[in-house]
Amino acid sequence: MKQITAVFVAIFCWVAPALAAIEIKELKTPGGFTVWYIPEPAIPMISLEIGFRGGPLLDPDDKAGAAYLMTGLLEEGAGEYDSVAFAKRVEELSASFDFDATTEAITISTQFLKANTDEVVELLRLSLNEPNFDDVAFARVKAQVQSIVARRATDQGDIASDYFNSVAYANHAYGRPFQGTEQTIANLTQDDVRDAHKRSFAKDRIYIGAVGDFTEAELSDIVDKLFSALPETGGDFPDTTEFAAASTTHIVEFDSPQSIAVWGHEGIKQDDPDFFPAFVMNRILGGGGFGSRLTEEVRVKRGLTYGVSSYLASRDLAQFYGGQVASSNDRIADAIDVIRSEWKRMAEGGVTDEELEDAIRNMTGSYVLRFDGNAQIASILRYSQMDNFPIDYPANRNSFIEAVTKEDIARVAKRLLREEDLFFVVVGNPEGLEAEVVTRN
């Protein structure tokens with residue numbers, strides 16, 4: 001492990017080149033896979049970032065959580081290795097694997113020494129193509145997932161988000177927690193996990209970013225070894241959907257001295273010409289922490305919360321624009337009033353020159369800091385593909401931000417921000433709030 005530690009220190013001491021100098025290359029392998037990559041021969045490491053679009057989004061309603069459970073089993077034995085032997089071999093090779101499931105994707109991160117490429121690639125290939133899903137590992141990881149789901153059922157923030165989604169996207173996969181529910185997880189079998197594996201991992205939904213010490217021929221060989229045995233197609237995607245919650249406020253009663261509120265309405269697609277003005281606008285409204293309007297008005301001036309934020313959620317099949325705030329039960333109604341007021345003020349008045357200048361400076365400066373290591377850059381290459389950006393997006397992203405004008409934001413704010421359409425979910429025992437008390441779905 002001393003060898004890998006020294007290499008990681010070298011990686012995090014490496015300063016990435018200026019964004020304008022980044023040259024992302026595209027590789028088409030003989031097996032038909034597309035890879036965005038940046039050679040970095042200075043350090044004998046390879047970082048791969050892999051994404052499979054769909055993941056939990058592909059689960060049938062009565063099998064919700066199957067892909068999440070399956071993802072947790074990918075390091076629990078494959079091929080001839082049981083879970084203990086697999087973990088031991090990964091450690092011996094000084095490699096790292098990270099398998100993760102989100103609402104609409106499964107992602108895989110791996111870093112390894114170039115000298116160990118063949119052995120690490122074979123282990124990863126086995127985990128993707130020949131996972132064991134044996135009885136002992138299945139029972140243990142299923143119990144872990146059940147514990148996670150049970151904790152979510154008692155967490156105010158998760159309750160608020162899950163209820164919000166269940167109303168906004170009723171009868172759609174977005175309307176259920178991707179981790180599953182207590183009932184669906186309890187009923188899952190090993191066959192359900194195998195089915196989730198077949199749905200999730202296929203050639204028609206894979207995205208790959210790579211940074212490190214390799215030639216194009218070496219990278220091509222790695223990718224084709226890993227993925228050539230996958231099926232051509234996976235499970236069917238659900239249809240697109242729209243934000244369906246009406247303009248109202250729902251209270252989910254919860255015994256706590258504070259309330260948590262989640263709010264939102266229809267958002268904007270990431271490929272919309274107005275997306276970048278909306279992106280900058282949100283930074284000013286509530287996405288920038290201290291200095292953003294919501295933080296200044298709700299926290300700094302009035303002391304109604306320790307935290308409030310807004311965000312654009314541009315998903316594959318739906319979009320919404322919303323946020324979250326926590327406040328004491330006797331002050332949450334005031335916090336919501338201020339949020340509504342700021343939503344409306346931005347829609348009607350746009351932003352100031354100073355606000356725009358500050359937002360652009362912070363957004364462009366912080367983006368550069370993401371390029372501080374091979375793994376981070378490989379991740380940017382992967383998610384840029386999954387977000388359908390062009391290959392020169394990482395180099396040009398800051399210029400898109402810098403091109404946004406006050407007039408752009410005024411136009412987009414008027415189009416996008418509709419205070420009268422906001423749907424609020426409040427979890428707690430709020431006082432003085434006109435709302436409908438509901439039970440969890």
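I looked up Ser-310 in this predicted model and found its side chain in polar contact with the side chain of Asn-282, at 2.6 Å. Ser-310 belongs to strand E11, residues 308–314.

Next I turned to Gly-264, in strand E10 (residues 258–266). Gly-264 has a relative accessible area of 0% and is buried.

Then I went through the salt bridges, of which the search of the whole structure gives 30. I picked out Asp-59 and Arg-199, whose side chains meet at 3.0 Å, N to O. This pair links distant parts of the chain, 140 residues apart: Asp-59 sits in the loop between strand E3 and helix H2, and Arg-199 in helix H8. Both ends are buried, Asp-59 at 5% and Arg-199 at 16%.

I also recorded the bridge from Asp-204 to Arg-205, at 2.8 Å between the closest N and O atoms. Asp-204 is partly exposed at 40%, whereas Arg-205 is buried at 3%.

The bridge between Arg-411 and Asp-274 came out at 2.7 Å, N to O. Arg-411 is in helix H16 and Asp-274 in the loop between E10 and helix H10, so the pair ties together parts 137 residues apart in sequence. I traced shared partners from here and got one network of Asp-272, Asp-274, Asp-408, Arg-411 and Arg-415.

Last, I noted a negative surface patch formed by Asp-330, Asp-334, Asp-337 and Glu-431. Asp-337 is placed in helix H12, residues 332–349.

Conventions
Residues numbered from 1 in each chain as written. Predicted model: local features only at pLDDT ≥ 70, side-chain atom pairs only at ≥ 80, totals over all residues. Heavy atoms only, no water. Patch = residues over 30% accessible without salt bridge, like charges linked within 9 Å, V, L, I, M, F, W, Y side chains within 5 Å. Areas by Shrake-Rupley, 256 points an atom, 1.4 Å probe, with all protein chains shown as cover. Salt bridge = Lys/Arg side-chain N within 4 Å of Asp/Glu carboxyl O. Lys, Arg positive; Asp, Glu negative; His and termini not counted. Charge placed at Lys NZ, Arg CZ, Asp CG, Glu CD. Helix = DSSP H or I, 4+ residues; strand = E, 2+ residues; numbered from the N terminus. Polar contact = N/O pair within 3.5 Å; in protein donor to acceptor, adjacent residues only side chain to side chain. Buried < 20%, exposed > 50% of the residue type's maximum accessible area, 1.4 Å probe, protein only.
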